[in-house]
Amino acid sequence: MSIMQYNGGSVIAMVGKDCVAIASDLRLGVQSLSITSDFEKVFPVTDRLFIGLPGLATDVTTLREQFRYRVNMYTIKEEREIEPQTFAQLVSSTLYERRFGPYFIEPVIAGMQKTPAGGYAPFIAATDLIGCLNFAKDFVVAGTASEKLFGVAEGLWEPDMEAEDLFETISQTLLNAVDRDAFSGWGAVVHLITKDQVITRKLKGRMD
Amino acid sequence: METAFGITGKGYVLIASDTTAVHSIVKVKTDVDKIKELSPFLLMATSGEPGDTVQFAEYIERNIRLYHIRNNFPLRPPSAASWIRRSLADSLRSRKPYSVNLLLGGYDVSTYKPHLYWMDYLGTLAEVPFAAHGYGSYFTLSLLDKYHDPEATVEEGLATLKRCIDEVSKRLVVSPDRFKVKIVDKDGVREIEV
């Protein structure tokens, strides 16, 4: 089996009306043996920006530390916080640096992007393990349950959902997709991002 | 076969490891200490490639000691775990990676909390209430799912540990005949006879 499936885990991000959501499962395993059920794969970057890192668990931690370092350096040099669009490019180039010996991670990015008019617009993106960016308008998925996530999300997602509807949609999509995947599951965490707050909720899932 | 496991309880971490050194099909030694005392409040059980385990454990031990001497206070368990993980993760993408799996048990004297970390040779780090490495994990993890209690006293914790050792001895084909058990709590690290 591929090294991408070694530890298991999945992440999904969705766009709503003036909001975005990003969610992950909580399982960490070694092949089919589960080690822990509180391994989060989604991390805050700024107050309005999150990154999900499904894939090989050692690289989840390494890249999390790497991105924290690079974002801190950006913040100090630029004297402003990084925007989602810019951060996506940073993620892409960080991964492409390791083109011929990659980190085994497929990042998912979700945040609220500042618009020239002064407002905020939802932003989601995903890349493959060598940093090929995919900007989507609806939803992005990654991880061992990605095929199932695509299927369920395709059926449940609709444009311009309000925050609470988006939360329900992303939660149901994730929980039902990971129940059909042996390598993901064991609970989930959802971050709901709007222009002025982030709501984080832990979900209980099937423990089998 | 090589087996190590650890459990947390009320204010302590217990770590048990087999004591056999194996060469091919031969038991060469049955009194090897595979649990290193890294600092006054840190224990580390190693398993994996024979040469690598000793080399890596000593490298970590010396560097943790160096930090203690330079700063006049030891590295706390979460920081030590992060640093050891990084050492393994860097090693993984080097010319000759260490193949060492670890259990790290520590008592944080600033927060009065015990910590147990599960780590593998890839640099995967997870903080857990109980953990196991090796073939023994297939028996002990299910036992611990049922019997582990984070509020257990040392006596109760040792009873649970005894269950695990007995199960491994009973069911594992090539079971180790002796286990060394060490504890870390508010009084520091010490060995316990079981």
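# Sheets and cores in a predicted model

User: Which residue in E9 is the bridge partner of Ala126(A)?
Analyst: Asn134(A) is that partner.

User: What sheet are these strands in, and in what order do the strands come?
Analyst: It is an open sheet of 5 strands in chain A. The order is E5-E6-E7-E8-E9, and the pairing is antiparallel.

User: Which strands stand at the edges?
Analyst: Strand E5 (42-46) and strand E9 (133-135) of chain A do. Each has a single partner strand, so one side of each has no neighbour in the sheet.

User: How many degrees does the twist average?
Analyst: From one strand to the next, the twist averages 25°.

User: What packs on the sheet?
Analyst: Helix H2 (residues 84-96) of chain A does. The helix touches E5, E6, E7, E8 and E9. Its direction makes about 150° with that of E7(A).

User: New topic. Which residues touch the most other members of the largest nonpolar core?
Analyst: Leu53(A), Phe87(A) and Ile109(A). That core has 42 residues. Helix H1 (residues 57-78) of chain A gives the most to this core, with 6 residues.

User: What does Phe87(A) touch?
Analyst: Leaving out residues up to four places away in sequence, Phe87(A) touches Val45(A), Leu49(A), Ile51(A), Phe67(A), Val71(A), Ile82(A) and Ile109(A).

User: Why would such side chains sit together?
Analyst: In soluble globular proteins, nonpolar side chains tend to be buried together.

User: How many residues are in the second core?
Analyst: The second, separate core has 22 residues, including Ala21(A), Ala153(A), Met161(A) and Ile170(A).

User: Now E1. How many of its residues are buried?
Analyst: 7 of the 7 residues of strand E1 (residues 10-16) of chain A are buried, so the strand is largely enclosed by the rest of the structure.

User: Which way do they point?
Analyst: Ser10(A), Ile12(A), Met14(A) and Gly16(A) point one way. Val11(A), Ala13(A) and Val15(A) point the other way. In a regular strand the side chains alternate between the two faces of the sheet.

User: Which strands does E1 pair with?
Analyst: E10 (residues 139-143) is one partner, antiparallel, with 5 bridges. There, Ile12(A) has Val141(A) as its bridge partner. E1(A) also pairs with E2 (residues 19-25) in the antiparallel sense, over 6 bridges. Val15(A) stands opposite Val20(A) in E2(A).

User: What happens between E1 and E2 in the hairpin?
Analyst: There are 2 residues between the strands, and Asp18(A) takes a positive phi near 55°.

Conventions:
Residues numbered from 1 in each chain as written. Chains lettered and ligands numbered in written order. Predicted model: local features only at pLDDT ≥ 70, side-chain atom pairs only at ≥ 80, totals over all residues. Heavy atoms only, no water. Pairing = 2+ DSSP bridges. Helix = DSSP H or I, 4+ residues; strand = E, 2+ residues; numbered from the N terminus. Axes fitted to C-alpha atoms, helices over the stretch in contact; angles between N-to-C directions. Contact = heavy atoms within 4.5 Å. Core = buried A, V, L, I, M, F, W, Y, C linked by side-chain atoms within 4.5 Å. Buried < 20%, exposed > 50% of the residue type's maximum accessible area, 1.4 Å probe, protein only.
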